[in-house]
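This report looks at one helix and at the salt bridges of a predicted model. The sequence and structure are shown first.

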Amino acid sequence: MKRDSVLSLVGIAKKADKIASGEFLTEAAVKSDRASLVMISPEASGNTRKKFQNMCSFYQIPAYLYGSRDELGAASGTDFRVVLAVTDEGLAKAIEKKLVQAGVPRADAGVSGEGDKGI
């Protein structure tokens with residue numbers, strides 16, 4: 001099995017106590033301007049994905065759809081997680097660099113924080 005460098009960096013962030021995992025803690029980190037990067041599992045419900053995509057777009061925090069709920073959970077030291085935030089700017093930049101190299105598009109790109117209007 002190939003080692004996933006993105007999830008390895010998430011594990012390092014966890015050991016450094018620089019992540020907020022789960023919906024409640026991730027939302028609090030984003031809204032309090034502590035989050036530097038948000039990772040959302042593609043397995044998250046449509047409502048959860050949309051909620052965090054819109055929130056990250058509004059607060060101008062990069063968000064990526066990446067990893068299964070089990071992978072994100074294992075990297076964050078829990079059974080499963082569908083969303084987590086990295087709160088260390090340096091680690092967030094390193095993770096984002098790996099995500100960009102892997103060709104993972106931003107989840108918050110093109111999402112308006114103001115909702116759909118007029119259509």
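## Helix H2

Helix H2 spans residues 23–31, and its buried residues are Thr-26, Glu-27, Ala-29 and Val-30. These residues lie on the same side of H2, because they cover an arc of only 160° around the axis.

After H2 comes Asp-33, which has a positive phi near 65°.

## Salt bridges at H2

The structure has four salt bridges. One of them pairs Glu-27 with Lys-51, at 3.0 Å from N to O. This pair links distant parts of the chain, since Glu-27 is in helix H2 and Lys-51 in helix H3, 24 residues apart.

Glu-27 is among the buried residues of H2, whereas Lys-51 is partly exposed, with a relative accessible area of 34%. A network of salt bridges links Glu-27, Lys-31 and Lys-51.

## Other salt bridges

In helix H5 (residues 89–101), Lys-93 and Glu-89 are four residues apart, so about one helical turn separates them. Their salt bridge has its closest N and O atoms 3.3 Å apart. Lys-93 is exposed, at 52% relative accessible area.

Another salt bridge joins the side chains of Asp-108 and Arg-106, at 2.7 Å from N to O. Asp-108 is buried, with a relative accessible area of 6%, while Arg-106 is partly exposed at 37%.

Notes:
Residues are numbered from 1 along each chain as its sequence is written. This is a predicted model: local features need pLDDT of at least 70, side-chain atom pairs count only at pLDDT 80 or more; totals for chains, interfaces and linings use all residues. Side-chain values use heavy atoms; hydrogens and water are left out. Buried means under 20% relative accessible area, exposed over 50%, partly exposed in between (1.4 Å probe, protein chains only). Helices (H or I, at least four residues) and strands (E, at least two) are DSSP runs, numbered from the N terminus. The arc is that of the directions from the helix axis to the C-beta atoms.
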